[in-house]
Amino acid sequence: MKGFQIFCCFILISVSISAQNNSAISESKAEQLKLNEEFSNPETTILEPEDFEKFAGLEFYPIEEKFIVTAKFVRTPNEKPFLMPTTTSRTPEYVKYGEAHFNIDGKDFVLNLFKNVMPYDEPGYEDYLFLPFTDLTSGNGSYGGGRYVDLRIPEGNSIVIDFNKAYNPYCAYSARYSCPIPPKENDLLIRIEAGVKDFGKH
């Protein structure tokens with residue numbers, strides 16, 4: 001009887017994990033569709049006119065479960081604000097808010113998470129965290145200037161990073177924009193084959 005109960009618990013846990021994974025994958029797909037809709041809409045696109053005319057959709061890496069990681073979140077409350085370099089002379093002020101510690105393919109990684117010192121104009125972004133990063137696909141499959149992932153401040157000591165939602169800075173599409181440059185400490189020595197691929201010429 002005890003063995004049967006353990007078996008039932010194992011089945012329930014497996015079903016729960018599978019449901020969570022399916023939900024995360026569906027969410028990743030929805031985000032990619034939303035991004036393509038924004039780029040395809042003449043009212044919301046950031047593409048240059050000549051690129052918009054022939055735009056057929058952004059290219060994405062296949063969605064991979066292993067690139068949806070639950071990281072240990074370590075708050076870093078004593079950090080001093082700093083001016084983050086960008087692709088122009090603009091230097092927005094950020095503060096390191098915490099660290100995300102995680103494992104992919106048996107390798108341990110750490111990424112710094114940042115918060116803009118200036119409050120966001122748009123309501124609902126009060127708990128927004130900025131994650132810029134580069135990896136071994138940067139310049140070799142994905143945009144050479146790195147990519148970003150949007151996150152929210154977690155309530156506990158873990159945070160989910162879905163690299164399938166990684167997107168390019170606006171500079172990947174047009175030189176008209178000023179984009180934060182991912183810091184060297186956020187360079188991952190692994191190919192993150194997830195999220196948006198390189199757009200091409202920018």
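Student: Does Arg147 count as buried or exposed, and at what relative accessibility?
Tutor: This is a predicted model, and every value discussed here is computed from it. Buried means under 20% relative accessible area, and because the figure for Arg147 falls under that cut-off, the residue counts as buried, at a relative accessibility of 1%.

Student: Which residue's side chain meets that of Arg147 in a salt bridge?
Tutor: The two side chains come to 3.2 Å, N to O, and the partner of Arg147 is Asp135. The pair links distant parts of the chain, with Arg147 in strand β6 and Asp135 in the loop between β5 and β6, 12 residues apart. The partner is buried too, with a relative accessible area of 5%, and the residue asked for is Asp135.

Student: How many salt bridges does the structure hold?
Tutor: The bridge between Arg147 and Asp135 is one example, and another joins the side chains of Arg152 and Asp127 at 2.8 Å, N to O. Because Arg152 lies in strand β6 (residues 147-152) and Asp127 in the loop between β4 and β5 (128-133), this second pair ties together parts that are 25 residues apart in sequence. Arg152 is partly exposed at 39% relative accessibility, as is Asp127 at 29%. For the structure, the number of salt bridges is 7.

Student: How many residues apart are Lys66 and Asp105?
Tutor: The side chains of Lys66 and Asp105 meet in a salt bridge of 2.9 Å, N to O. Lys66 sits in the loop between α2 (49-53) and β1 (68-75), while Asp105 belongs to the loop between β3 (93-104) and β4 (107-116), and this pair, which links distant parts of the chain, is separated by 39 residues.

Student: Which side chain of opposite charge is nearest to Asp162?
Tutor: Asp162 is found in strand β7, where it is buried yet has no salt bridge. Its side chain does make a polar contact of 2.5 Å with the side chain of Ser28. A salt bridge needs the nitrogen and the carboxyl oxygen within 4 Å, whereas the nearest side chain of opposite charge is 4.5 Å away and belongs to Lys165.

Student: Where does a polar atom of the side chain of Asn164 lie 3.0 Å from a backbone oxygen, that is, which residue carries that oxygen?
Tutor: Asn164 lies in the segment after β7 (158-162), and this residue is buried, with a relative accessible area of 1%. The backbone oxygen that lies 3.0 Å from its side chain belongs to Glu64.

Student: How far apart in space are Phe39 and Phe55, C-alpha to C-alpha?
Tutor: Phe39 also has its place in helix α1, where it counts as buried at 6% relative accessibility. Phe39 and Phe55 are 16 residues apart in sequence, and the spacing between their C-alpha atoms is 8.4 Å.

Definitions and conventions. Residues are numbered from 1 along each chain as its sequence is written. This is a predicted model: local features need pLDDT of at least 70, side-chain atom pairs count only at pLDDT 80 or more; totals for chains, interfaces and linings use all residues. Side-chain values use heavy atoms; hydrogens and water are left out. Helices (H or I, at least four residues) and strands (E, at least two) are DSSP runs, numbered from the N terminus. Buried means under 20% relative accessible area, exposed over 50%, partly exposed in between (1.4 Å probe, protein chains only). A polar contact is a pair of N or O atoms within 3.5 Å; within protein, one must be able to donate a hydrogen and the other to accept it, and residues adjacent in sequence count only if both atoms are side-chain atoms. Lys and Arg count as positive and Asp and Glu as negative; His and the chain ends are not counted.
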